[in-house]
Amino acid sequence: MVIHMIRTPKLPFFQSCASVHVTFLTLAGMLVLTIIPFTSFGEALGFVALPLAYFAYLIPCILLYMILVTSIKKAYVRHYGELL
């Protein structure tokens, strides 16, 4: 998600979308890496599946992170005139 949040001074997903490849890889990575601990492959690697209730806390944390990064990015652009 960091890539999507800081790649453009515009609002990600609404004013500016990443390429199809970057978006697909992000979604596929989130899906695969979330599922692995629930499989026997994940157990073989020593991963432990998190309780499903954890995801009820994770989603708001991600949304708050996205809001915070966007706010700081906007302040940075306002102060310096451009995003790096």
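pLDDT is the predictor's confidence in each residue, from 0 to 100. Keep that in mind, since this is a predicted model: local features need pLDDT of at least 70, side-chain atom pairs count only at pLDDT 80 or more, and totals for chains, interfaces and linings use all residues. Residues are numbered from 1 along each chain as its sequence is written, and side-chain values use heavy atoms, with hydrogens and water left out.

Confidence first. The protein chain averages a pLDDT of 90. At least 70 is reached by 100% of the residues. Helix H1 (residues 2-6) has the lowest confidence, a mean of 83. Helix H3 (residues 40-44) has the highest, at 95. Helices here are DSSP runs of H or I, at least four residues, numbered from the N terminus.

Now the aromatic rings. How many aromatic pairs does the structure hold? Two. Rings of Phe, Tyr and Trp (its six-membered ring) pair if their centres lie within 6.5 Å; planes under 30 degrees apart are stacked, over 60 edge-to-face, the rest tilted.

Take tyrosine 54 and phenylalanine 55. Their ring centres are 5.6 Å apart and their planes are at 80°, so this pair is edge-to-face. Tyrosine 54 is partly exposed at 35% relative accessibility. Phenylalanine 55 is partly exposed too, at 22%. The cut-offs: buried is under 20% relative accessible area, exposed over 50%, partly exposed in between (1.4 Å probe, protein chains only).

Next, tyrosine 76 and tyrosine 80. This pair is tilted, with 4.7 Å centre to centre and 40° between the planes. They sit four residues apart in helix H4, so about one helical turn separates them. Tyrosine 76 is partly exposed, at 31%. Tyrosine 80 is exposed, at 54%.

Notes. Helix = DSSP H or I, 4+ residues; strand = E, 2+ residues; numbered from the N terminus.
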